[in-house]
Amino acid sequence: MDQNLLFTLALGLNSPWKVVRSGLEDGGAESRFLYVDIEAEAGAQMPCPVCAQSCPLYDHEVKRWRHLNFWQHPTYLSARVPRVQCPEHQVRQVTVPWARPESGFTLMFEAFVMALTREMPVAAVAELMAEHDTRLWRVVRHYVGQAHAGQDWSGVQAVAVDDTATRKGHRYATVVVAIDPPQERPARLLFMTAERTAASVGQFAAAMPAHGAKPAQVQLAALDMSAAYQKGIREHLPDAQIVFDRFHVMQLAGKALDEVRKHLQHEGAQLKGALWALRGNESRLSQAQMELRRDLCARHKELGRAMALRESLQETWEWPEAASAESHLKAWCSWAVRSRLVPFKKLAQTLKSHWAGILADYPHRITSAAIESIKSIIQTARRRARGFRNFENLKAISYWMAGHLDLQIPSAFTHPI
Ligand SMILES: [Zn+2]
């Protein structure tokens, strides 16, 4: 078979497009690349890119696109792309079936880039493909932006609003996650914005209509206890019941325990390895960490009390109904107040002033796992976007990893023009 015909078929080109020249060429420094030149058959009329009516050709422009590698060789398509003279839209460049307008990559190359960036850092993909990462970021932002813009939020009734660190040096972003308490479907990252204020919630509410949704449909909002988000919900999602979920309450208990540890250390106690041994549930610890935890709690009575308080607080959510949970929480608060541990006394005060919101977790029972998993995905995304210091890139990769997007990328050049 003729080599040009082979490439015409392999690329899935249809009339009037066909490969007219192809071959390997020296790219310098012992590297070679495959060139594939495409032309439209002479005499063809072509559709106007705006109105699709068949128009006479006006002139041509040579354009070039990076395509998937041919074996180990980078491959470039180039084509004399016609411009048509449309009676209505004047002179316009026709659309080619293998690439988006304005892109220097073919659709198949872009589909490959998107598949890789879902799994590995963009900088690593850039190195692998010998491309500049800013060009790849442009591809990621394009497809993610398009898929996110078309996302349907009309079924969203419950959200979690949270902050997350966007880089070291304490820049924070707000994330809004759709949660589904009864069926425990995986959480979906809906929205991300660069601040953490009441207005951040307003920005989410303002984005809802474009996604076929309205603020009044949100019935439940899980929050941390920061005043900013409570204000934001009252102002912008007024029909939502505010819930301070287990995850956020236990996060505060973890901080209180850590303050007790720091205080002891400050007073000269030897607490090597304690930071990790005291964190989280026992089931997550190694045998050695668990033994260290028990040893530390036995040797330092304050730590033992703090640990017992944290574990007891956790039991609040094991009660099947709100009334039992409330009794448990009341008993816990009076214990915490008598504990002679300042951080836990303060925590009891905080819980008392957020009482209704904590108990509002019944009957919905928001799973902390959903919120926790999104936050950890964003932290992974943050590491992947490192070095770019560009919030738009972080946002794009976070939506791509946690937004359940339906990406519209043709994987082959199947549609004839
Ligand atoms: Zn036209």
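The following legends describe an overall view and several close-up views of one predicted protein model.

In this predicted model, local features require pLDDT of at least 70 and side-chain atom pairs count only at pLDDT 80 or more, while totals for chains, interfaces and linings use all residues. Residues are numbered from 1 along each chain as its sequence is written, and side-chain values use heavy atoms, with hydrogens and water left out.

**Figure 1. Overall dimensions and composition of the protein chain.** The protein chain contains 16 helices and 12 strands (DSSP runs numbered from the N terminus: helices are H or I of at least four residues, strands are E of at least two). Its radius of gyration is 29 Å, well over the 22 Å that the globule rule gives for 417 residues, so the protein chain is more spread out than a compact globule (the radius is taken over C-alpha atoms; the rule is 2.2 Å times the number of residues to the power 0.38). The C-alpha trace spans about 90 × 50 × 35 Å along its principal axes. Of the 417 residues, 48% count as buried (buried means under 20% relative accessible area, exposed over 50%, partly exposed in between, with a 1.4 Å probe and protein chains only). Among contacts with a separation of 6 or more, 58% are made by residues 24 or more positions apart (contact means heavy atoms within 4.5 Å).

Figure 2. Strand β1 (residues 17-26) pairs with strand β2 (residues 32-40) in the antiparallel sense over nine bridges (two strands pair if DSSP finds at least two bridges between them). Gly-23 has Tyr-35 of β2 as its bridge partner. Five residues lie between the two strands of this hairpin, and Gly-28 in the turn has a positive phi of about 80 degrees.

**Figure 3. The hairpin of strands β6 and β7.** Strand β6 (residues 73-86) and strand β7 (residues 90-93) run antiparallel and are joined by four bridges. Opposite Cys-86 stands Gln-90 in β7. The hairpin that β6 and β7 form has three residues between the strands.

Figure 4. Val-91 belongs to strand β7 and is partly exposed, with a relative accessible area of 28%. Apart from neighbours within four places in sequence, Val-91 is in contact with Tyr-58, Arg-83, Val-84 and Gln-85. Cys-48 lies 43 residues from Val-91 in sequence, and the C-alpha to C-alpha distance between Val-91 and Cys-48 is 8.8 Å.
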